[in-house]
Amino acid sequence: EQQAEQQHKMRVIMHTLWKQDANKIVAWDELTYVCNDLGLAVPIGTYYREGRGLGITNDAVMQRPAGVTRYVHSEVGWKVSFAIKDEDDRNRVAEVFGDRRYYREVIKNLQQEEHQFVLKRELTGECFVSSLPSKRPTLPPAKQQPGNGPNDRGNYMS
């Protein structure tokens, strides 16, 4: 019952966003669940194939590269992957990146403890290996804003 309700809500949202000059960024979290468990692979494929013409940018995240429409891999401008332990998944991601043999080794050698990732821009073929900072930068203390004090129902702003 929950999945049927979620599917209905997703269809309503997708229908609402699907209009000329939408100028929206749609972030799909756990896209495999949306495609398979909610049965929305066909409309997701349409979003990837035709959404750009309406000003819809798709941003998808998934734990595994399988179980989604192939448009998710073929109709994108940027591809990102962190280290992947599973050999089959690593092979699939390397295939999606282009040169299966080359990218399989790149992904295999990413240092997980350094949060390294590979980033590829499809338009130019440029590819980079980078990493996330190991520590969050220290921010200066938040400044008190008028009307934003601890007793003012608002949030502190920095």
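Colleague: What should I know about the numbers first?
Modeller: Residues are numbered from 1 along each chain as its sequence is written, and side-chain values use heavy atoms, with hydrogens and water left out. In this predicted model, local features need pLDDT of at least 70 and side-chain atom pairs count only at pLDDT 80 or more, while totals for chains, interfaces and linings use all residues.

Colleague: How many helices and strands are there in the chain?
Modeller: The chain has 6 helices and 5 strands. Both are DSSP runs numbered from the N terminus: helices are H or I with at least four residues, strands are E with at least two. From the N terminus on, the order is α-β-α-α-β-α-β-α-α-β-β.

Colleague: Why does S81 count as buried?
Modeller: Buried means under 20% relative accessible area, exposed over 50%, and partly exposed in between, with a 1.4 Å probe and protein chains only. S81 has 5% relative accessibility, so S81 counts as buried. In the chain, buried residues make up 30% of the 158 residues.

Colleague: What is S81 in contact with?
Modeller: Contact means heavy atoms within 4.5 Å. Leaving aside neighbours within four places in sequence, S81 is in contact with V93, F97, I107, L110, F117 and V118. S81 itself is in strand β3, residues 78-82.

Colleague: Why are α1 and α3 called roughly parallel?
Modeller: Axes are lines fitted to C-alpha atoms, for helices over the stretch in contact, and angles run from 0 to 180 degrees between N-to-C directions. Angles under 35 degrees count as roughly parallel, over 145 as roughly antiparallel, 65 to 115 as roughly perpendicular and the rest as oblique. The helices α1 and α3 pack at about 25°, with axes 12 Å apart. They are therefore roughly parallel to each other.

Colleague: Which residues make the contact?
Modeller: R11, I13, M14 and L17 of α1 meet P43, I44 and Y47 of α3.

Colleague: What makes a set of residues a nonpolar core?
Modeller: The members are buried Ala, Val, Leu, Ile, Met, Phe, Trp, Tyr and Cys residues, joined through side-chain atoms within 4.5 Å. The largest such core has 19 residues, of which W28, L31, V34, L40, I44, Y47 and Y48 touch the most other members. Elements giving two or more residues to this core are α1 (2-17), β1 (24-29), α2 (31-37) and α3 (41-50). Apart from it lies another core of 9 residues, among them Y103, V106, L110 and V118.

Colleague: Which residues of α3 are buried?
Modeller: They are P43, I44, G45, Y47 and Y48. What covers them includes α1, β1, α2, β2 (56-61) and α4 (71-74).
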